[in-house]
Each structure stands twice: as C-alpha cells, then as structure tokens.
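Here is a friendly set of notes for a colleague opening this structure for the first time. Please keep the view open while reading.

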Amino acid sequence: MSAPFSGHDPRLESAAVSDDSVQRVHARLLQEKPQPEPGGYAFAPLMLLGFMSGLILFCCIFLVHNRGGFDPLVYNGQIDPKASSNVSVELTVPEMIAKGQSAYAQTCIQCHGPAGLGQPGAFPPLAGSEWVNGSEERLIRVLLHGLKDQIAVKGEAFTSSNKMPAFSAAPYLWKDDKIAYALTYVRQAFGNTSGPVSVDKVKEIHAATADRKSEWTQAELPAQ
Amino acid sequence: MSAHPHQSSAATPAAESGPADASVRVPVLFLLTSGILWLLAGSALAFIAAIKLHTPGFLADCEFLTYGRVYPAALNALAYGWGVNAGLAVALWLMVRLARANLPGGSLLLVAGSFWNLGVMLGVLGILAGWSTSVPWLEMPRQVVPLLLVAYVLCAAWVIGALRHGSSPRLYASQWWLLAAVFSFPWLWAAAEAMLFFAPVRGTVQSVVGAWFTGGFLLLWFMPIGLAVIYYLLPKLIGKPIRGYYVAPFGFWSYIVCAGWVGASRLTGAPVPAWTQAAGAVASLLMLVPLAILTVNLLYSVLADGLSVLGRSVVLRFTAVAAAAFTFCLGRASLMILLGSPRLTWLAVSSDYLILYGVFSMAVFSAVYYLTPRIVRRAWPYAGLINAHFTLSFIGLLVGGVALELGGQQQGRDLANGVAFTEVTAHSLPYLQTATIAGVLLILGHLAFALNFVKIAFCPFVRARANAAPVPVELTRTAPEMEVAP
C-alpha cells in the first residue's frame, strides 16, 4: 500500500488536470470560434452546415415518401390513400353507420327530414320504405344516378318538381364508399332493420351502370 | 505530471479530492453497492433467460423461472436496479464535483435510496410471481410505481441541489447531460405509466407510448449519463481539452430535440400509423448531426493522439470503449433505417444491449474506478481484477454484440425469404449459444468488479481501523492546471 502510484496505475488513476482548470479552459473554448485559414474560411463549421442541410433535405424527401398521407388508418407508408383509389380501408359496420349518419345530416336530411319521414306528396319517406329496405341493387342505383318523374312508396304516389339527384355526379361527387355508408345508415335508422350495404357492392353496381347519364324512372327499376 | 508549468499555487490550497467528495461518500457508496448487487442479480437472471433460449428444458419446471418471467425480471433488475442506482450515484458525484458543492446531510438520501431499492425489489419479485404488466421495459406491477417515482424524485433532487448550491460559476458539458438525464427520466416514466396503466390510452396508441418510453429511457437516461462521464473523464485522464468543444452545445441540443422521437422508429413495420414510423425514422436519421459532433468531441479526442495513452490506462480504456460504442450505436441505427433492415429480430435486442452495456455500463465502470478511491480515500486493492474486468467485459461485449448482430441478420434474411418459422428459430441457435458464452464472460467480469468493490468500500469497516493504510499521496495533492489549447 505504501508504494507510490504512478500516473496510470489502475488502483488509483491520477487526474491529469484539475476540475477547475477543465471548466475554465472549456468555458473559454466555447467563446472562441475556430479561426479561418489565412485568406479563406473555417472549413469545419461550413462542412457541418452543408452536412446538416443535406440531411434535412433528405429527411424531408424521406418523410414525404413514407408519410402515408398522415392518415391514422394507413400503416404502410408507401401507400397514399388519396392517390390510390383501389385501396379502401375496411370500416366496421358501426363506423360505416357513423359516417353515413354525418352524410345524411349534411345532405339527405334537407328533403327526407330528420326522422326520415319525407314530406307528403313531395319527398317520399325512408322510414319503413320498401325501396330502402328492399333490393340493395335498386337502392344503390337510385343513389348513384338519381330518380325522376313519379315514385310510389308505401302505396302513396309522389311527384315532385325536385327529382332525386344523382349523387355520384356533380355537384355531389360522392365516392362509392360514402354512398355505401349513407345507405347502410338509412337501412338501419328510422326503425328500418335492413342489413348494411358494402362498398364493394356499390363499386360493382357503379361499374355495371357506368354509362348511365340521366336519372332512372320507376319503370326502369322494377322491384326484384 | 509535475513537469507541468502551472503547478498548484497557493491560491488553490485544497486538494481536489476534498470535502466535496467526502460529503457524498455515504450516499454514493450506498447507491453503488445496491447498483452492483442488482447488476449481479440481473446478470444471473439474464443468464438463466439466455440459456432458456437454446435449451428450453432448463429450469422449466419452476413456475417463477419460466422465460416469460425471468427475462423481464432480468431486464427490470438491470435497468431500474443497476441502471438507475449506478446512474444516480455517478450523477451525484459528478455534479457535486463539477459544481464544487458540499452536500450537507447527504445521508438523508439513504432513506430515498432505500425506498427506491425496496420498490425495485417488490417490482422484480412481482414479475417473477406473475404480476408482470407485459409491456416491454415497464413490466413492474403498477402498484410499486408511485413509490418508485417518489423515491426517484427524492434522490434526483440532490443532484439538482448540488448544482443549485455549488460554488462553481461555470457549467461544463457533463452537467448539461446529467441535467437532461435527471429531468427526462421521471417525465418519460410517469407519462408512460399514466398512459398505459393508470388511465390507459386505446389500441395502437399503447404500442406507440411503449416504444416512445423505451427509446427515451435508452437515449435520455442511459446515454446521457454515459456521455456525461465520458465528457468528464477524457480531459481529466488525458489532460487535453475536448476537440471541437465549441460545437458541443449544438450537439447537445440537436440530440435532445431528436432523441425523444427516435423511439417511434422501433415500430418500423409494426401495425401503427405510417407517419409515426416515418417520423421515428427521420428522427433516427437526424441523430447523425449530434452523432457527428459528439464523435469529434469524444472519440476523436481519444484517438487524436494515438492509442498509446489507451495502453497505459485501464480506466481510460473503459471510457474509450463507451465513446466508440456510442458512435457505433447511433451510426448503426441510422444505417438500419437507410438499408430498411428488418425489425423485430435479434438486431433490435443487440441495439439495446449496446446502449445499456456498451455505452452506459462501460462509462459507469470507468467512473466507478475513478471515483471510488477518491471518496473512500484509499486505492483499489487488486489491479489485476481491474484488468481482468476490462478484458472480460470488452470481449463479452464484442462477442455478444457480434453474435446478436449476425443472428439478427440471419433471422431477417430467413423471414424475408419465407423460411418456416421453426427453421428460422433453428438457424438462430448457434448465435444464441454464442451470446450465452458472452454472458458468462460478462458475469465473470462483474464478479471481479464486485469483489474489488467490496474490498475497497467495506474493508475498513470490517477490519480494525487501526491498521488503515495512510492516504495515498495522489489523493492529497492538487491536480495540475490544464494547459490552454494551442
């Protein structure tokens, strides 16, 4: 124990410099910026700045390519939900109903009313309607392309100057999934108890009737 | 050493190892002792878990020691037992040193420290008894968490107190990093516990919170403590200033800004929103900025004068390995993003292992070897054990890291090629067996460390004090002044 410890004896590693001088020297180093070469620039800070700028640019590009539209439901960053229409996010029925309800509350409610009762003689009711609760395919066609002239619902005839508009066309331009949500909603609201309408079914009908330019008439849509 | 032109002057008569060191002797020794006990216990549990990976029948009949309990118990014992105890000990000593504070009543810290260790013990036993929360790195049952948080705050308050009441007018880089660690950890931990267990968030967000915490724990507790030690010991042992120190503040802030986001990159390929994964990846890439700065500051400071200084000093070798591991860890994390390396393989385990062992533990070992003689005022008894500890832990770190790295790449290739899962597992066996051998080396190193520590710290209390050796002259002299950089 009495043997003196040399500078780097592991049993007692000696301090090369004092704490106070370490702090003093480094505090001064913080103040002193690197001196430029004579007639030139300080190379290191410029290199660091260039590196950082390049890195930030790269990161921006990386983020744009992998952001997945900042959509909480997109888990694969390579897919942009807006650009790729063939990718649809499967919603559960309650989620479809929720979306359908908000679509109904914004648009359909103006004619068909908050309780889906319509207006006698002008707008047919949805509650208990055989059109709503009947064939899905007929119902989808009505929403896609609209309906004009006359319609008989629950034994009552409706003739309105306001026809049912085509929701897949301007000015509405509803996507197929929105149409499915709205139909799913009305088929279980207002006392109706019919099953949901799938997005795929709407797509199928839309593709089959893509040439349709004008509204349907009741004669063209027989109950199936 | 005495060849320095600016020798100690009459203006600074007090030896460096003076009242400041003495004032924290009891709490630092207490935290270190409990940390080392946890290190041994955690290593033993980790060793059992490592064997089970390739020999599943081992201890399989004992319910407490099934893999699903032993592995998280080991992880928590090492992270909260060793990591936080040893981290706090080093933080306290460094802060007292650098702030030149004199902590009165530091032994009150024993109360808080005891409760911390009680809490960790209850937590680890709870995991072994089957009350794990099953969230990685947060497995301790939530009932012990409030106790642990209060105990942590009462411990960490002394670190802040030391800074507040110190007489040094200057802040050194080590102090920035210590403050970052001391403040980040409770915030990360309390927020994660609250969002996962006390008022749970729903669904996917839970895994995001879990990854955020784990990344934060590694990068904002373990890393900063390690960095604080490296920043302190390099100039102290080499006697030269840190290279490129003028950008160190920028390195610090860019690190702190990015580090919190890096955790999200642990979820690459997981079923969480894509933008979260992308944000994590971007943060990992941006870490290249602090990585470049800190590599110049630390690794280059070691290497600039050649390796001869490393040959002379074992303590400096520990520090240098920690600095090199830091550069390697962050560099590899960015590379993995760029190459799109597979996640959820042994590669991920190897990253965590490198931070926990390569950066944090190696830095803390060097700090303990440096500080313990100064607080107990006697030299380490066995130089051979220190050398053995370094050799064993360095080889263990290397072998374990390489085994997990290669095993992870093998796993990634197999999974990408659609190899059957049982085959994938079979292919990784040799790597896991190698990792177990590395574990043996590490445990032997820990035993050498613990033996030396028990001898230096407790022998004066066990034996009669009469035959205590005289204080070595190194501890009574004043360290030379640092020369101004040319």
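This is a predicted model: local features need pLDDT of at least 70, side-chain atom pairs count only at pLDDT 80 or more; totals for chains, interfaces and linings use all residues.

1. Every value below is computed from it.

2. Let us start where the two chains meet. Chain A puts 45 residues into the contact, and chain B puts in 56 residues. On the side of chain A that touches chain B, the elements giving two or more residues are α1 (19-31) and α2 (43-66) of chain A. Of these, α1(A) gives the most, with 10 residues. Sorted by class, the residues on this side of chain A are 26 nonpolar, 11 polar and eight charged.

3. Next, a helix pair in chain A. Helix α5 (residues 136-145) of chain A packs against helix α6 (residues 176-186) of chain A at an angle of about 125°, and their axes are 11 Å apart. An angle over 145 degrees would count as roughly antiparallel and one of 65 to 115 as roughly perpendicular; α5(A) and α6(A) are therefore oblique to each other. The crossing of α5(A) past α6(A) is right-handed. From α5(A) come L139(A), I140(A), L143(A) and L144(A), which meet I179(A), A182(A) and L183(A) of α6(A). This contact of α5(A) with α6(A) has seven nonpolar residues, with no polar and no charged ones.

4. Helix α6 (residues 173-198) of chain B and helix α7 (residues 204-238) of chain B pack at about 160°, with axes 8 Å apart. That angle makes α6(B) roughly antiparallel to α7(B). Their crossing is left-handed. In the contact of α6(B) with α7(B), 21 residues are nonpolar, five are polar and none is charged.

5. Another pair in chain B is worth a look. Helix α4 (residues 109-128) of chain B and helix α5 (residues 145-165) of chain B have axes that come within 8 Å and cross at roughly 145°. Here α4(B) passes α5(B) in a left-handed crossing. Among the residues making the contact are F115(B) and W116(B) of α4(B), and Y152(B) and W158(B) of α5(B). By class, the contact of α4(B) with α5(B) holds 12 nonpolar, two polar and no charged residues.

6. Which residues have the most contacts inside the largest nonpolar core? They are A91(B), L92(B) and V359(B), in a core of 184 residues. Leaving aside residues up to four places away in sequence, L92(B) touches V24(B), P27(B), V28(B), W158(B), V159(B) and A162(B). W158(B) is also one of the α5(B) residues that meet α4(B). A second, separate core of 29 residues includes L143(A), L147(A), V197(A) and V202(A). L143(A) is also among the α5(A) residues that meet α6(A).

7. Is A91(B) buried or exposed? The cut-off for buried is 20 or more other C-beta atoms within 10 Å, and A91(B) has 30, so it is buried. Apart from residues up to four places away in sequence, A91(B) touches V159(B), L178(B), A181(B), V182(B) and I225(B). A91(B) and A367(B) are 276 residues apart in sequence, yet their C-alpha atoms are 10.0 Å apart in space.

8. With 21 C-beta neighbours inside 10 Å, Q411(B) counts as buried. Its contacts, not counting residues up to four places away in sequence, are T345(B), W346(B), V424(B) and S428(B). The C-alpha atoms of Q411(B) and A151(B), 260 residues apart along the chain, are separated by 41 Å.

9. Finally, two backbone angles to check. Most residues other than glycine have a negative phi. F190(A) has a positive phi, near 55°, and R377(B) has a positive phi near 60°. R377(B) lies in the loop between α13 (346-376) and α14 (383-416) of chain B. Are these residues buried, exposed or in between? F190(A) is partly exposed, with 19 other C-beta atoms within 10 Å, and R377(B), with 18 C-beta neighbours inside 10 Å, also counts as partly exposed.

Key
Residues are numbered from 1 along each chain as its sequence is written. Chains are lettered from A and ligands numbered from 1 in the order in which they are written. Two residues are in contact if their C-beta atoms, placed from the backbone, lie within 7 Å. Helices (H or I, at least four residues) and strands (E, at least two) are DSSP runs, numbered from the N terminus. Ala, Val, Leu, Ile, Met, Phe, Trp, Tyr, Cys and Pro count as nonpolar, Asp, Glu, Lys and Arg as charged, and the others, Gly among them, as polar. Axes are lines fitted to C-alpha atoms, for helices over the stretch in contact, and angles run from 0 to 180 degrees between N-to-C directions. Angles under 35 degrees count as roughly parallel, over 145 as roughly antiparallel, 65 to 115 as roughly perpendicular and the rest as oblique. A crossing is left-handed if the near helix is turned anticlockwise from the far one by less than a right angle, and right-handed if clockwise. A nonpolar core is a set of buried Ala, Val, Leu, Ile, Met, Phe, Trp, Tyr and Cys residues joined through C-beta atoms within 7 Å. A residue is buried if 20 or more other C-beta atoms lie within 10 Å of its own, exposed if 12 or fewer, and partly exposed in between; C-beta atoms are placed from the backbone.
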